[in-house]
Amino acid sequence: MVLLIQLYMDEQGVATHDHYFSPLQIGSIAEIIEPVSIGSSVVDVLASLKDEPKRKVVPVEQNGKVLGVISRSTLEKIAGSASYTALDTSLEAYLIPALDTVEASTSIDAVMADFLKGEQGDDASWFVVLYKQAYFGVVGIRKIVEYTNSIQVRDLLRAGEIQQNLLDKSLVNDKRLQVLLFNKMAHELGGDFYRVFRGGKDRYLVGCFDVAGKNISGSLATMALGACFSALELFKFEGGAEKTTQFINSLVRDVNPPGIFVTAVLFYIDFTTMTVKIHNCGFSPVLIFVPLEDKRITFKAIQPSLPPLGIQEELDVDTGQIVSLTKGLRITAYSDGLTDMTNVYGERYGEDKTFDLLKKFHQVPQNSLRRFLDQEIAGWIGEASLADDVTLVDMRFL
């Protein structure tokens with residue numbers, strides 16, 4: 001089986017190396033190998049591999065189109081044959097044709113699923129199955145892959161339902177505040193998380209988290225965060241901003257192995273003091289939109305002032321920033337999955353487009369923002385896949 005991976009090509013037509021692919025996208029495992037012409041001689045192709053002992057295959061092209069690959073072992077076998085002569089230049093007879101072409105941004109799971117749905121014929125590899133040392137039956141490697149893949153998909157979907165249930169618990173019913181919590185997972189399971197915790201009649205904690213891990217590993221950390229907030233609610237925790245952030249940091253540090261951390265932004269809303277205290281722990285910049293008397297709007301960006309959760313044993317939580325609550329104030333935070341999403345050409349969405357998008361929020365009713373964001377994401381990535389989860393919180397004070 002050979003898959004041709006379509007990478008973004010620069011002006012010289014050579015696949016570039018500066019594009020970002022997540023570990024779950026096919027581009028992350030594609031080998032960028034310069035193809036040889038189908039008219040090349042076996043000797044010349046082997047000579048080109050002399051300094052690359054680990055190279056197992058060579059792509060073969062004709063008229064600018066890559067047709068498939070030829071294996072190194074086949075080339076060596078041909079060259080070592082007594083019947084081989086230098087006049088034997090065509091590689092066509094030894095070519096392993098490409099099964100299909102796929103975009104580099106396509107998820108590995110999607111490529112595997114499409115392959116299993118295809119009609120490739122029965123695999124030649126079969127196992128004879130014994131039961132109590134007697135013949136029981138046979139099973140093909142294709143059947144094994146299909147079965148294990150279906151189990152994995154089923155388990156991931158179920159785990160995704162559990163994770164979504166944690167996200168759905170974040171609801172706000174307060175005439176003084178509107179909160180939009182948006183999450184678009186790149187895969188069945190995600191490493192982004194958000195939660196709203198009401199710590200009394202006039203106090204809220206709105207948290208947005210991005211775990212340094214994807215899919216299953218990331219989802220395990222988000223489950224721990226979900227359990228943390230559930231415990232805060234069950235025990236009616238009222239420890240204040242500094243104590244709460246320290247508590248969450250300790251939990252992240254305790255449940256995760258070294259090297260796993262969580263970027264987060266925590267908004268402590270207090271309607272008694274009419275303030276919002278912001279603890280930005282390595283998260284993306286927080287944008288504050290403040291209305292002025294002449295109906296103009298000014299903004300400022302609050303950069304991270306604290307390290308990601310789980311790295312340090314103690315945090316200097318006094319570095320949190322305080323914003324005064326005013327009618328019409330809007331606060332927006334987003335995970336880097338938004339700025340890092342790429343289109344089919346590997347082009348990054350970037351900070352400028354993100355800021356322009358967030359400015360447009362003022363013209364969109366909050367109950368329409370979810371559809372607005374979905375359309376923007378779909379319009380940018382096109383047929384590509386999300387490399388990372390996109391999570392956003394938009395708070396409007398009425």
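Two strands pair if DSSP finds at least two bridges between them. Strands (E, at least two residues) and helices (H or I, at least four) are DSSP runs, numbered from the N terminus. The model shown is predicted: local features need pLDDT of at least 70, side-chain atom pairs count only at pLDDT 80 or more, and totals for chains, interfaces and linings use all residues. Residues are numbered from 1 along each chain as its sequence is written, and side-chain values use heavy atoms, with hydrogens and water left out.

**View 1. Strands β17 and β18 pair in the antiparallel sense.**
Strand β17 covers residues 330-334. Strand β18 covers residues 390-397. Five bridges link the two. At T332, the bridge partner in β18 is D394.

**View 2. An open sheet holds five strands.**
The order is β9-β18-β17-β14-β15, with antiparallel pairing. At the edges lie β9 (177-184) and β15 (297-302), each pairing on one side only. From one strand to the next, the twist averages 15 degrees. Axes here are lines fitted to C-alpha atoms, for helices over the stretch in contact, and angles run from 0 to 180 degrees between N-to-C directions.

**View 3. Helix α9 lies across β9 and β18.**
The helix spans residues 369-381. Helix α9 runs at about 30 degrees to β9. Contact means heavy atoms within 4.5 Å.

**View 4. Strand β12 is largely enclosed by the rest of the structure, because nine of its nine residues (262-270) are buried.**
Buried means under 20% relative accessible area, with a 1.4 Å probe and protein chains only. In a regular strand the side chains alternate between the two faces of the sheet. On one side of β12, V262, A264, L266, Y268 and D270 are buried. On the other, T263, V265, F267 and I269 are buried too.

**View 5. Strand β12 pairs with β11 and with β13.**
Nine bridges join β11 (residues 203-211) to β12, and the two run antiparallel. V211 has V262 as its bridge partner in β12. Six bridges link β12 and β13 (residues 275-281), again in the antiparallel sense. V265 has N280 as its bridge partner in β13. β12 and β13 form a hairpin with four residues between them. In the turn, M274 has a positive phi of about 55 degrees.

pLDDT is the predictor's confidence in each residue, from 0 to 100. The protein's mean is 78, and 80% of its residues reach 70 or more. Over residues 7-17, pLDDT stays under 50. Where pLDDT is low, the predicted coordinates should not be read in detail.

Methods. Buried < 20%, exposed > 50% of the residue type's maximum accessible area, 1.4 Å probe, protein only.
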